[in-house]
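Here are my notes for a first look at this entry. Please read them with the structure open.

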Amino acid sequence: MLSRKAICDSHGQDSSYFNGWQEYENNPYDEVRNPTGIIQMGLAENQLSLDLVESWLASNPDVVGFKKNERSMFRELVLFQDYRGLPAFKNELVEFMAEIRGNKVKFDPNKLVLTAGSTSANETLMFCLAEPGEAFLLPTPYYPGFDRDLKWRTGVEIVPIHCSSWNHFKVTESALEEAYEQAQKLDLKVKGVLITNPSNPLGTTMSREELNHVISFAVDKEIHIVSDEIYSGTVFDSPSFISITEAAKNRNLENTDFWKHIHIVYSLSKDLGVPGFRVGMIYSNNETVIAAATKMSSFGLISSQTQYLLSNILADRKFTRNYMMENQKRLKKRQEMLVSGLENAGVWCLQSNAGLFCWVDMRELLESDTFEAEMELWKKILCEVGLNISPGSSFHCTEPGWFRVCFANMSKETLKLSMQRIKDFVDSIDQSKDNRNNLQFSVSNSRRRSLTKWVFQLSFFDREKDR
Ligand SMILES: Cc1ncc(COP(=O)(O)O)c(C=O)c1O
């Protein structure tokens, strides 16, 4: 009765990543109303600097009221329907993107397509770059939403590039080649590599060496590179962020055919903390992709009042510069709070310099080195400890025991409480291990005592016999 699309499960909604959100919604923590509820640490939302945006809005009532030079903009905005977007907004966006990249690269507003968030940008790019049944290679661990965004409606397949902890999950030449071979074994034509830089869930920026591996690989195989740079403005520590365009420019690829194989995805959801406004974009050097994606953007436009409001905010350079600096400072402080809170509990993280989360190593807490044990631990942390963190398996991590923990969607006090909960939990595990060891010790001691007694008795008996 229904279409295959309506009943297929490649949307990924049933993963533990989304299940944890549901569990949280049934019992959300609230300092006053539900102090024992679940704390949401599975949501990569940036609430740390919303007060700055709010105070900008308070001091610019004309913009909020759609007035310009005493004249109402209401009719103009309510009737605006050009799917290419407000030119003023696109101009501000390219300036903002260049500023985040230290003005080392320039962007042309004509190469920009507006979309309803990065979610829509990534899907639209898949529609433009691949046929159903063709594949994109993605380094693991990767954002769980990609299974929905890249595959679900497009029919495109994802083949993982397996990265692991021995080199801090960095992309290597051999991992790229192995993924390519794997795709060939599966009879899938590879159309591109999609990287997330800075990475969700690692919270790290890609090194120039890694970017060069990806570029050389894509040049060699004549495939596309999509770089999701949604976290580019969250880089709060060195090494600094290198965009794919900067890395390719440094390889003198700007005037080659390959330049048309590079596409960037960006959004204001994380850097400006406005995911509800649904502001995303594709930046591509390929005119045909731009033309096709612009036509497709009709299915997910950004409303004109949102474009108008944000073009005014972004045009205030003094504000945006201050916002970005202050936001990065706040993110750094929060990340440090999380890292030291976890260290205090004896838990370690991958060293990070960006993003709204840390990639936490809980392998020591697993009962066994399996994904079943990871699920058991995740359920315990969710239901008994009261923290919704996201298990590595939902990010397609190949090693059990890693978890993504978000730190920018809650107050300082809530983060402190979550760290206390983790510490109590780890202490209780240590305690029960100690008890178990003590029990074993006392069992083995009493065994040893009875053994000694027995040996003594035996030797006594032997001696008796000897006598
Ligand atoms: C890597 C990555 N890409 C895309 C998205 C989707 O973002 P948006 O809200 O702009 O659709 C997210 C959201 O978490 C993300 O982490």
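1. Start at the ligand. The model is predicted. A polar side-chain atom of Ser269 sits 2.8 Å from an oxygen atom of the ligand. Tyr231 also places a polar side-chain atom 2.8 Å from a ligand oxygen. For Asn200, an N or O atom of the side chain is 2.8 Å from an oxygen atom of the ligand.

2. Which residues come nearest to the ligand? They are Ser118, Thr119, Asp228, Lys270 and Arg278, out of 14 residues around it.

3. The largest nonpolar core has 73 residues. Phe89, Leu137 and Leu268 have the most contacts inside this core. Its largest share, 7 residues, comes from helix 6 (residues 87–100). Domain 1 (4–50 + 328–425) and domain 2 (51–319) each supply at least three residues to this core.

4. Look at Leu268. Leaving aside residues up to four places away in sequence, Leu268 touches Leu93, Phe96, Gly273, Val274, Val279, Leu310 and Leu314. A second, separate core has 41 residues, including Tyr29, Ile39, Phe236 and Met410.

5. Check helix 6. At 1.5 Å a residue, its 14 residues should span 20 Å, and the end C-alpha atoms are 20 Å apart, so the two agree. Just after helix 6, Gly102 takes a positive phi of about 65°.

6. What covers the buried residues of helix 6? The cover includes strand 4 (112–115), strand 9 (262–267), strand 10 (280–284), helix 13 (304–315) and helix 14 (317–344). Among the buried residues of helix 6 are Phe89, Leu93 and Phe96, along with Lys90 and Glu92.

How values were computed: Residues are numbered from 1 along each chain as its sequence is written. This is a predicted model: local features need pLDDT of at least 70, side-chain atom pairs count only at pLDDT 80 or more; totals for chains, interfaces and linings use all residues. Side-chain values use heavy atoms; hydrogens and water are left out. A nonpolar core is a set of buried Ala, Val, Leu, Ile, Met, Phe, Trp, Tyr and Cys residues joined through side-chain atoms within 4.5 Å. Buried means under 20% relative accessible area, exposed over 50%, partly exposed in between (1.4 Å probe, protein chains only). Helices (H or I, at least four residues) and strands (E, at least two) are DSSP runs, numbered from the N terminus. Domain bounds come from an automatic or database domain assignment. Contact means heavy atoms within 4.5 Å. The expected span of a helix is 1.5 Å times one less than its number of residues. A residue is near a molecule or strand if one of its heavy atoms lies within 4 Å of it. A polar contact is a pair of N or O atoms within 3.5 Å; within protein, one must be able to donate a hydrogen and the other to accept it, and residues adjacent in sequence count only if both atoms are side-chain atoms.
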